[in-house]
Amino acid sequence: MPLPLSASSRRSSLPSVPSVPRGSVRRIAAVAGLLVTSLLAVGVDPSGAAPAVAGAGVAAATVTPSFVVTSPTASTRRLTSVGTTTKSATVTFTVDTTRPQQTWWGTGAALTDASVSLLAGNADAQRLLFDPTRADGARLDALRLPLSSTDFSPTSWTWSWDGTAASPAPEALRAISTITQGILPLRPDLRVVAAGWSAPAAMKTSGSLRGGGLRSDSTAAYGAFLVSQAQELQRRGVPLRALTLGNEPAHSSDYATMTMEVGQMAALGQQVRPQLPSDVALWAGDHNWEHRWAYDQIVAAAPGSFDGSAYHCYGGTPSQMNGPTPFRIITECTGTTDTWASSFAWQLRNLVAVPVANGSSGLLMWNLALDAANGPIDTASRYGCRSCRGLLTIDGTRVSAGPEFYLLAHLTRAAQPGARVLPVSSSASGTAVAAFRNPDGTTGVVGVNHTTSTQVVAVKVGSTTRRYSVGAGELFTYRTP
């Protein structure tokens with residue numbers, strides 16, 4: 001994985017890392033005016049995976065018209081409900097409910113080894129992240145599961161392979177247990193996407209989990225390995241709904257990473273797709289927007305093999321994710337050292353508004369939880385991320401939520417899995433908007449006031465218009481029947 005922008009001075013010492021650093025939120029300075037994103041939804045999963053019913057097995061709260069805000073500066077004004085105002089609107093968003101577009105897959109983050117070590121046995125932190133009824137919770141409905149060590153792994157590991165079956169390492173078993181014993185009881189409709197950072201060392205040009213590429217004579221063996229991993233995860237009760245061929249396949253570094261050539265990935269797609277369980281989708285890519293050229297080549301060389309394509313935020317622009325598959329999703333992005341206000345504005349624009357306008361069907365951030373030192377990390381790596389920010393910071397018994405937690409919490413309050421994107425128009429120039437309708441018939445709107453003054457936001461759905469005051473820099477979510 002690339003370095004965060006705050007560590008970009010070290011990139012010159014990183015050989016053969018084609019991707020732009022993670023956490024490039026410094027670009028927020030270029031975003032001007034009021035930025036508001038709206039989400040609205042109803043529909044089925046176009047990813048190729050069996051659709052999960054939003055809220056299935058979950059005691060969902062009754063939805064009444066509501067408006068919730070989160071301040072970037074006032075800790076007492078986080079996920080706070082506010083009433084309507086009679087003041088004149090400074091910006092109006094009109095949702096078009098007549099033209100449903102792509103379907104929303106889900107919202108979540110990654111269960112890295114660092115996150116497992118902090119969340120396993122921590123029932124309150126798990127509820128804060130996944131309980132769909134918790135008033136102060138993120139209410140996540142999706143999860144990304146690494147199938148090997150990452151830069152957030154104190155030890156280096158991957159699943160073993162005997163030529164016939166893949167067997168989970170102890171680290172993988174701990175993650176599986178955290179999902180099946182801790183998270184699934186809270187969120188029975190959870191959707192999991194899995195990705196490995198490295199194949200077993202014997203399959204690689206480096207002979208190590210750390211860096212190198214997939215050997216050309218190991219392509220078929222790696223494909224069989226991936227299929228076996230997917231089958232074993234489902235056998236152990238993990239609600240696997242999607243798989244990628246590997247994390248950031250154009251990136252090699254001194255922690256668990258592995259490059260793959262375009263031809264290898266096309267061949268893998270042709271081998272793996274027919275053998276996957278019927279309810280597991282195969283997504284191409286799993287790398288930065290700027291690598292879109294490679295996605296085009298891979299999908300063209302293996303027609304019908306990929307159900308979707310997955311993107312990261314560390315290089316390029318979100319408009320580049322508009323293709324080559326009908327289903328697109330962001331599977332990784334992280335915050336680093338930016339302020340809450342700049343994080344809210346950059347992330348909502350670049351991870352929600354613009355991607356949704358370009359066909360995105362979901363958002364998964366990086367670490368679910370990290371400790372006070374932004375770890376635990378792979379201390380043997382010089383280049384792993386040292387300033388990545390988790391959704392939660394867990395320091396002993398103290399649990400605190402960061403800006404990415406609130407970004408996703410506002411998003412999940414607006415859009416359920418199965419939501420359909422709809423057009424939305426704005427009365428003000430310079431705004432970025434998107435819209436969704438939910439399977440339960442509700443309309444959700446999420447946005448941010450990127451100006452330095454309070455704005456009065458009017459949301460019009462059908463014949464109903466409601467107005468609310470939104471403070472400077474605040475996130476907001478509107479939800480109505």
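Let's start with a word we'll need: a contact means heavy atoms within 4.5 Å. Hi everyone, and thanks for coming. What you see above is a predicted model, where local features need pLDDT of at least 70 and side-chain atom pairs count only at pLDDT 80 or more, while totals for chains, interfaces and linings use all residues. Residues are numbered from 1 along each chain as its sequence is written, and side-chain values use heavy atoms, with hydrogens and water left out.

You can find T112 in the loop between β4 (106-110) and α1 (113-119). Those labels come from DSSP runs, numbered from the N terminus: helices are H or I runs of at least four residues, and strands are E runs of at least two. T112 has a relative accessible area of 0%, so it counts as buried. Buried means under 20% relative accessible area, exposed means over 50%, and partly exposed is in between, using a 1.4 Å probe and protein chains only. One more distance here: the C-alpha atoms of T112 and A175 are 8.1 Å apart, although 63 residues separate the two along the chain.

Now let's step back to the whole protein. It has eight helices and 23 strands. Of its 481 residues, 62% are buried. Among contacts with a separation of 6 or more, 75% join residues 24 or more positions apart. The exposed surface comes to about 15,800 Å², and carbon and sulfur atoms supply 51% of that; these areas come from the Shrake-Rupley method with a 1.4 Å probe, and for residues only the protein chains shown count as cover.

Next, the inside. In soluble globular proteins, nonpolar side chains tend to be buried together. A nonpolar core here is a set of buried Ala, Val, Leu, Ile, Met, Phe, Trp, Tyr and Cys residues joined through side-chain atoms within 4.5 Å. The largest one has 107 residues, and L143, Y222 and L368 touch the most other members. Helix α8 gives the most to this core, with seven residues. Apart from it lies another core of 16 residues, including L422, V457, V461 and Y478. Going back to L143, its contacts beyond four places in sequence include F130, I183, V193 and L368.

Last topic: charges. A salt bridge is a side-chain nitrogen of Lys or Arg within 4 Å of a carboxyl oxygen of Asp or Glu. How many salt bridges does that rule give? The count is 17.

Take E404 and R389, whose closest N and O atoms are 2.9 Å apart in a salt bridge. E404 lies in helix α8 (residues 403-414) and R389 in the loop between β14 (369-370) and β15 (392-395), so this pair ties together parts that are 15 residues apart in sequence. E404 is buried at 1% relative accessibility, and R389 is buried at 14%.

The pair E232 and R235 sits within helix α4 (residues 219-235), three residues apart, or about one turn. Their salt bridge spans 2.7 Å, N to O. Are they buried or exposed? E232 is buried at 13%, whereas R235 is exposed at 58%.

R187 and D189 pair up too, at 3.3 Å from N to O. R187 is buried at 7%, and D189 is buried at 5%. Finally, a network of salt bridges links D124, R127, R134 and D136.
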